[in-house]
Amino acid sequence: MLKKIRKFDRKTLLKYLRATGKRQAELFELARQIKEEVFGQRIWFRGIIEFSNICRNDCYYCGIRRSNAKQMRFQMSLKEIDDCLKFIKSADYGSVVFQSGELTTRTFKNQLLEIVKLTHKKYPNLGITVSCGEQDFAYLKKLKAAGASRYLLRIETSSRKLYKKLHPREMSWRKRFECLKNLQKLSYQVGTGVMVGLPGQTIEDLISDLKFFVDNKFDMFGIGPYVIHKDTPLGRDPKIQKWWQKNKEKNFSIFLNFLAILRVLLPNVNIAAATACDVFDPLGRIKVLRIAGNVIMPSVTPKDYRDKYLLYENKPNIDEGADKSFEHISNKIIQAGLKPIFGEQGNSPFYYQRIYG
Ligand code: 5AD
């Protein structure tokens with residue numbers, strides 16, 4: 001199985017993406033062993049601050065798309081962000097992730113730069129990840145100089161055809177890909193990912209996604225299951241609603257297989273367990289961490305803002321604060337026989353291999 005997967009044998013990949021029962025258990029066990037060889041039971045923690053939900057994009061699947069007038073918008077002040085950072089330090093998370101909707105206005109860019117500068121100055125040992133959409137080369141360079149060392153930008157799908165169906169015309173797959181390439185040129189640790197279980201996505205598309213990940217040498221992955229949101233073009237479509245209800249369990253199972261195969265293909269990359277997993281199963285993220293994931297990003301976003309950062313429906317834990325999120329997830333991780341790791345930035349071993357050989 002291992003050799004065939006690594007050779008990218010299409011028949012084998014199809015078989016394991018669809019696997020259930022005993023075959024699925026075998027795949028999970030292989031992925032688990034491979035992960036354990038590199039990371040042991042260790043799970044790195046990063047605190048994620050979702051500091052703004054204002055977005056210039058209009059993706060057909062996302063709840064914070066600009067056309068969703070029902071969504072109240074917010075932007076946290078520097079002081080509020082600083083309070084989150086204090087929590088991150090007190091909980092001894094080794095890294096912070098700044099995530100927001102995508103904006104390219106001068107005001108936003110300056111604010112984000114200030115946030116990164118302040119963080120780096122106050123907490124020089126904290127790993128800084130940015131996840132704020134497509135930005136231009138010169139600006140990404142500035143952010144890097146200010147102290148950001150990692151960037152997350154999901155390609156959403158490697159299929160240009162599917163990308164077109166999920167986004168308005170002004171959004172371009174190629175531009176997104178170029179941004180990922182620019183991040184690599186600037187020596188960021190670069191994370192990408194897709195959603196699994198998108199309407200119109202085929203198993204062949206998922207195989208292409210895996211190929212895309214391997215060929216382009218990404219260091220980190222944030223991959224999540226697609227979850228419907230009623231105030232979006234996809235979520236409003238009755239056919240998609242029906243399809244989603246009928247297929248969600250199956251799609252989540254394919255999603256787990258996808259991550260397990262990714263871990264087999266790329267043993268030493270960082271793979272985060274996405275919050276969206278918990279929509280399907282209260283232990284969704286834990287399942288991912290058992291099989292393939294080695295990174296968890298508990299939200300440190302203040303309670304008041306959590307119900308406004310809804311990319312999808314039924315987002316879990318929106319009624320708890322940073323302290324509860326921390327407590328709950330670290331307990332679950334320990335119960336699963338895994339080991340939460342604090343005080344370490346948790347850089348991707350793949351990155352060091354890529355940069356230093
Ligand atoms: N379901 C799951 N994930 C979503 N995202 C946006 N909308 C949804 C949804 N409905 C993901 C996108 C984006 C990331 C921040 O959230 O992949 O890159």
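1. β1 (42–52) and α14 (322–335) each contribute at least two residues to the lining of the largest pocket. Of these contributions and any others, the largest share is that of α14, which supplies four residues. It should be kept in mind throughout that this is a predicted model.

2. The volume of the largest pocket is about 240 Å³. Its lining consists of 19 residues, and those closest to the centre are R285, P316, N317, E320 and S325. When the lining of the largest pocket is sorted by class, seven residues are nonpolar, five are polar and seven are charged.

3. Which helix gives the most to its lining? That helix is α11, with five residues. Both α9 (203–215) and α11 (238–265) provide at least two residues each to the lining of the second largest pocket.

4. The residues that line the second largest pocket include V196, G197 and L198, together with W243, N247 and K250. By class, the lining of the second largest pocket comprises six nonpolar residues, five polar residues and one charged residue.

5. A ligand is also present, and the residues around it are Y61, C62, Q99, R154, E156, M195, P225, Y226, V227, L311 and Y312. How many residues of each class make up this shell? Eight are nonpolar, one is polar and two are charged.

6. R154 places a polar side-chain atom 2.8 Å from an oxygen atom of the ligand, while a polar side-chain atom of E156 lies 2.5 Å from an oxygen atom of the ligand. V227 takes part through its backbone: one of its backbone N or O atoms is 2.7 Å from a nitrogen atom of the ligand. Taken alone, the ligand exposes 400 Å², and the protein buries 87% of that area.

7. The final point concerns charged pairs. In general, side chains of opposite charge can pair when their charged atoms come close. A search of the whole structure identifies 22 salt bridges. Where in the structure do E36 and R32 lie? Both are in helix α3 (residues 21–39), four residues apart, which is about one turn of the helix.

How values were computed:
Residues numbered from 1 in each chain as written. Predicted model: local features only at pLDDT ≥ 70, side-chain atom pairs only at ≥ 80, totals over all residues. Heavy atoms only, no water. Near = heavy atom within 4 Å. Polar contact = N/O pair within 3.5 Å; in protein donor to acceptor, adjacent residues only side chain to side chain. Areas by Shrake-Rupley, 256 points an atom, 1.4 Å probe, with all protein chains shown as cover. Nonpolar A, V, L, I, M, F, W, Y, C, P; charged D, E, K, R; others polar. 1 Å grid on protein atoms, 1.4 Å probe; cavity = no way out; pocket = protein on both sides within 12 Å on 5 of 7 lines; lining within 4 Å. Points joined across faces, edges and corners; volume = space filled by probe spheres on them. Salt bridge = Lys/Arg side-chain N within 4 Å of Asp/Glu carboxyl O.
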